[in-house]
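Reader: I should like to go through the terms used for this structure and the grounds on which each of them rests. May we begin with the sheet?

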Amino acid sequence: MDSTAMSMPAGATQFTLPDTSLAEDQLLERQRRWQEFLNRDNNVNADATELERIISDDKPRLVVSMDHIREFDAELAEQLMAEPAEFIPGLEAAATEAGRAAAVRAGVSLDAGQFRVAVGFSGAFGTHHVTPRGLRARQLGRLVCVEGIVTRCSLVRPKVERSVHYAAATRTFFAKTYRDQSSGGTGFSSAYPTADDKGHALTTEFGLSRYTDHQTINIQEMPERAPPGQLPRGVDVVLDGDLVDAVKPGDRVAIVGVYRALGGKATTAAAAIFRTVLMAGAVRVFGAGSLAATKPSSGVSSGVPGAMALTEGDITNIHAIAKRADAFELLAQSLAPSICGHAEIKRAVLLQQLGGVEKNLENGTHIRGDVNVLMVGDPSTAKSQLLRYVLRIAPLAIATTGRGSSGVGLTAAVVADKDSGERRLEAGAMVLADRGVVCIDEFDKMTDIDRVAIHEVMEQQTVTVAKAGIHTTLNARCSVLAAANPVYGRYDPKRAPHQNIALPDSLLSRFDLLFVVTDSMDEARDRAISAHVLRMHRYVPPGVEPGQPLPDLLDQGLGTASLLAAMNGPDASADGATRPCTVFEPFNEYLHAGVAAAPPRRGRGRPARNVAPKREVLSTEFLRRFLYFAKNMVRPVLADAAADDLARAYAELRAQASGQGIEGRGATGAVQTTTPVTARTLETLIRLATAHAKLRLSSTVDAQDAEVAKGLLRFALFKEKPATAQRPSRAARRKTKRVRTSDDDTVSDISSDEDEVSDHADADQADQGGLRPMQTVQPVEPETAMDVDEISADRLALFKAQLSKAMGERRLDASTSPWSFPEPFVSIINDGLAGHPVFSIAEAEHALQAMEAENRLMYRDNMIIMM
C-alpha cells in the first residue's frame, strides 16, 4: 500500500523507496524537452499565451496542438502518440512549472502544492483519427482522436485523489494518494485505510482530502457513417476534472485521449477479455453539418469537423444554377429522378432539405425553421423509396419505422447502468438527428402513446425529461419526413380525408404539408409506369457486361464519402475535395424516368420549335453540395411585399376551407382539406417561401417565393395544381429581370439566360412508355384562328365538347393514347366546327393545360394522355 506519514512518530515503521533512478532520469529528460517546447522562441507562441490565460482557472487545462509539436520535433510527436503514458506526465510537469512561473510574472497568487496543469491535444492525428468502429487492439495504449455522437451520460460523481486520516491514539495525521486503472502511470492502489500499521483506528478528515469530478459517457459512430444492417459501435469515455458535463446526449464530439484496457471482475484466466475505455484529455463539440469530403483517417482537422469542403468551382457552379429561371424545376426533378411522377412531393422534399430560418427571440420564444412533411397513400406508390433517397442526400438523416420505434426510442430514455446501477440518460433518434432529418416509415403503425411523445419535438424541437430524478431538456431540432398508409389500407376517395388518415388534428397540424398519394387506375399511365419499371430492370452499369455480377456497395453506407466515390467515379477520388464535382450527369432513359424534357432553347433570331428537347439531371454529389451551401450560407429576410402576399394567402385559405368566402363573397360551404388550416399554416407559408428564397440564394423573400409557397400549399390542402407558381404569365416574365452568368470554363454547360427558358410542363409523370418526343411541323392555321394568351370559359367548354365528340366517333381513340400535338390533334378538334372560329395551337394548348389542372388528361412533351 502506497501510504506515507505526514508526521512520523518515534518508533514508526520506515518505508524504503525502490530504486527508480532510471525512470526518474527519463522523466526529467522528457520534462526538460517539453520545457524547451513551451519556452520556444517563435513569433507567436500560442501555447505560452494560452498558459498565461488559464493560470487563474480553477482547474487549468492546456490544449496543445499536435501540429506545433511536429514543427518543433517530429520524432517527439510520434513518440507522444505511440507512448502517451510515458510522455504526458513529463508535459504536465513542464506545463505546471511554466504555469507557476507565469503566475509569478503576472502577480497571481497560487497554491503551489495544489496547482497542477492538465494537458490535452488537438490538431491532425493522421491514422490515429478514427471512429469507434475503427478502434482495434493495435491502438491500445496510444493517443487517438475518436469522432462520434454522445448517446449516454452518467451522473457526475466525486472520485478521491488523496485522503487524509487522523489517528487519535497517536495524534498523527496520515495521507494516502489513490491511483486506479483510469489514472495515468502504474502502481494502482485503491484500498481505503481504516487503521494504521499498529492497529489504531483512523478517522477520515474529509475537509483535508482532495477529490475530483468523475463522469462516464458513451459515444457511438455517427448514424450517417454507420454501415446499414450493422449495429453501431460505441466506446466508453472517462471524463475527469474540468471535462465533466461538457457534453450531453445528442452532441457530436471529437475526443482526444488514450485508449486503454481495464481489468475487472470478468477478467479471468479462462476469458482474458478486458474492458476498453478512452481516457479523455480534450473534448471538442461540433455542429451537425454535412459529411466530411475527406475520410476521417486523412488527418485533416478543421474547426468544424464534418463540414463539407466546397471548392471555388463548386461555389461558382452553385451560383450559376441558382440564377437559372428553371432552377426550382431542375433541382426538383433531379431529386430521385428514377421515380415516376410525384412532382409536387419532390418539390416539397426539396424545400424541406433547405428549410426556413429559425427564430430565437429575446423573450425566449423559439420558432422552428424546419419543415415537416407527411405522405399518406396507397401501397406501392414509392413513398418508402423517397424516404430512402432522402437518407442518401441529406447531410444527417436517421431512419426508423413506426412499429419498430417507441416514444422513448424517438425522444429520450432513462436507463440503469449495468456496471454501477445508477441512472443514465440515453438519447433517442430525434435527439441524435439534431439539425438533420428523421425519416419515419409506416407512421400509422405507431401507437397513440408513442405518437404523443413526438408532439413536443415537432413544434418546440426539444425533449423534456422528468423521470427517475432526472430533469433536463435536450435539443431535437430536426425535420420529420413520414410516410403512412390510410386506415383502410387503400385511400377511399368517397370518404373524407380525416376518415382515411385517422390521425388527430393536434398531430396533423404539426405537419407543414400532407400529401395524399393515390394509385389511380389508368391504362395509359399503367403502361407508362410498367415500361419504366422494365427499363430499370434492363439497366446495366457502364463497363459491365450483361450477366456479370455487380459489386456490393451496401457495406459502405448510404451516405458515406466512400460510397459516393464508388458511385461517382473519378470525380470523388482522394483529391476530389480540391476540384469541383460534375454538375450534370448523362441522361439515361433506363434510370431517369422522372426527368421531364427541358423546353427547346430559342436562339436569337431563330425559332426552336423543331429542336429536340434536352433532358438535364444534376449529379447526386452536386445536389448535396448545392443543398448544403444554400441551407447554411443564406438567411433570407421577409420583404414587405411577400409578407402582404402571405397574409392575404392565409386569409384566403381560411376562407376557402371554411366556405365563407372573402368579405362575404364567394361563399361555397365548408371544403374538405387534408389538414386543418390553423395559425401554423401561416408559419408554413413563411417557411416554404424562405426555403425557395434560399434556393435562389436570395437575401430577401420576394413575391415569387410567396407564389411558390401558396401553390404548393394549395395542392397539399385542396389538390389544386400550382399552375401559377410553375407557369408564370408572359407579363410576369417580362417584369422579371434577366440574369446572365459568367463565361467560366467550369460552368460552360450551364445557361442562365431567362429568355432561353420557355413555358414547360412540370415533371408530374414519367416519359410515356419510352416514346421519344416527336418532331412536329408547324401547321398552316386558317385566317379565322384565334391567337390569345388564355382561353375563355365558353371556348374551353366548346373544346371539351369537340374532344368528347372526336372520342365518341373514334377519330381519337383513348386506347391509342398518347396522341401527338399539335398535329393531327388540332386538325381533328377543328373538324366539324360550324359557326365558330377554329382553335389555334396556342388556344388548344391553353385548353389542354386547363384540362390537365382538372386531372382530365396529361400534356407532356407534345404528347397527350387521357387520364
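Author: In this predicted model, five strands form an open sheet with parallel pairing, in the order 16-19-22-15-23.

Reader: What makes strand 16 and strand 23 the edges?

Author: Strand 16 (397-401) and strand 23 (513-517) each have a single partner strand, so one side of each is left without a neighbour in the sheet. From one strand to the next, the twist averages 15°.

Reader: Why are helix 9 and helix 18 called roughly perpendicular?

Author: The two helices, helix 9 and helix 18, pack at an angle of about 75°, and their axes are 10 Å apart. Angles of 65 to 115 degrees count as roughly perpendicular, and helix 9 and helix 18 are therefore described in that way. Tyr389, Arg392 and Ile393 of helix 9 meet Thr620, Leu623, Arg624 and Leu627 of helix 18 in this contact. Its residues divide into four nonpolar, one polar and two charged.

Reader: What makes helix 18 largely enclosed?

Author: A residue is buried when its relative accessible area is under 20%. Eleven of the 14 residues of helix 18 are buried, so the helix is largely enclosed by the rest of the structure. Among these buried residues are Phe622, Arg625, Phe626, Tyr628 and Phe629.

Reader: How do you know that the length of helix 18 agrees with its number of residues?

Author: At 1.5 Å a residue, the 14 residues of helix 18 (residues 620-633) should span 20 Å. The end C-alpha atoms of helix 18 are 20 Å apart, which agrees.

Reader: Lastly, why is strand 2 called mostly covered, and how many bridges join it to strand 3?

Author: Four of the five residues of strand 2 (residues 61-65) are buried. Five bridges join strand 2 to strand 3 (residues 118-122), and the two run parallel. Arg61 has Ala118 of strand 3 as its bridge partner.

Conventions
Residues numbered from 1 in each chain as written. Predicted model: local features only at pLDDT ≥ 70, side-chain atom pairs only at ≥ 80, totals over all residues. Heavy atoms only, no water. Expected span 1.5 Å × (residues − 1). Buried < 20%, exposed > 50% of the residue type's maximum accessible area, 1.4 Å probe, protein only. Pairing = 2+ DSSP bridges. Axes fitted to C-alpha atoms, helices over the stretch in contact; angles between N-to-C directions. Parallel < 35°, antiparallel > 145°, perpendicular 65-115°, else oblique. Contact = heavy atoms within 4.5 Å. Nonpolar A, V, L, I, M, F, W, Y, C, P; charged D, E, K, R; others polar.
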